Amino acid sequence: LVFQCHDVDIIKQNSGSNACIDGCQAAAHVAYALSDIAFIYPITPSSPMGEMVDEWAAQGLINCFGQKLSVTEMQSEAGAAGAL
């Protein structure tokens, strides 16, 4: 998944490569890779996670199951919690 993303051009596809990413980006990568659907409500300080997932889905990035993630942006925290 990491090698398909446009935002991680600092990571080389060679074995043994390392890159420094923040917790939001790490969580977004794992969540995208292992999910079928995402309900997002971008709120600081976790806004980058929702934005990255939404961007990857718009670019047609596939997850570990070979599917494009379905992303729905909710209008409130209650809506995001209720969507589960």
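**Ground rules.** I am working on a predicted model, where local features need pLDDT of at least 70 and side-chain atom pairs count only at pLDDT 80 or more, while totals for chains, interfaces and linings use all residues. Numbering runs from 1 along each chain as its sequence is written, and side-chain values use heavy atoms, with hydrogens and water left out.

**Fold.** I looked up the elements: the protein chain has three helices and two strands. Here helices (H or I, at least four residues) and strands (E, at least two) are DSSP runs, numbered from the N terminus. Along the sequence I read the pattern α-β-α-β-α.

**Confidence.** I checked pLDDT, the predictor's confidence in each residue, from 0 to 100. The protein chain averages 77, and 79% of the residues score at least 70. Which of its elements has the lowest mean pLDDT? Helix α3 (residues 77–83) does, at 77, whereas α1 has the highest, 87. I flagged residues 8–12, where the pLDDT is below 50. Beyond near neighbours in sequence, that stretch has ten contacts in the model; contact means heavy atoms within 4.5 Å.

**Packing and surface.** Of the 84 residues in the protein chain, 26% are buried. I use buried for under 20% relative accessible area, exposed for over 50%, and partly exposed for in between (1.4 Å probe, protein chains only). Among contacts between residues at least 6 apart in sequence, 66% join residues at least 24 apart. The accessible surface of the protein chain is about 5500 Å², and carbon and sulfur atoms hold 55% of it. Accessible areas come from the Shrake-Rupley method with a 1.4 Å probe; for residues, only the protein chains shown count as cover.

**Largest pocket.** I noted a volume of about 310 Å³ for the largest pocket. A pocket is an open set of points on a 1 Å grid over the protein atoms alone, where a 1.4 Å probe fits, with protein on both sides within 12 Å along at least five of seven lines; lining residues have an atom within 4 Å of a point. The volume is the space filled by probe spheres set on the points. There are 19 lining residues, and A31, A38, F39, I40 and M49 are the closest to the pocket's centre. The elements giving two or more residues to the lining are α1 (23–33), β1 (37–40) and α2 (47–58). I sorted the lining residues into 15 nonpolar, four polar and no charged.

**Y32.** This residue lies in helix α1. Y32 counts as buried because its relative accessibility is 0%. Its C-alpha atom is 8.5 Å from that of C64, 32 residues apart along the chain.

**A57.** I found A57 in helix α2. Is A57 buried or exposed? A57 is buried, with a relative accessible area of 5%. Leaving aside neighbours within four places in sequence, A57 contacts Y32, K68, L69 and V71. The C-alpha atoms of A57 and K68 are 6.3 Å apart.

**S46.** S46 sits in the loop between β1 and α2. At 27% relative accessible area, S46 is partly exposed.

Terms used: Nonpolar A, V, L, I, M, F, W, Y, C, P; charged D, E, K, R; others polar.
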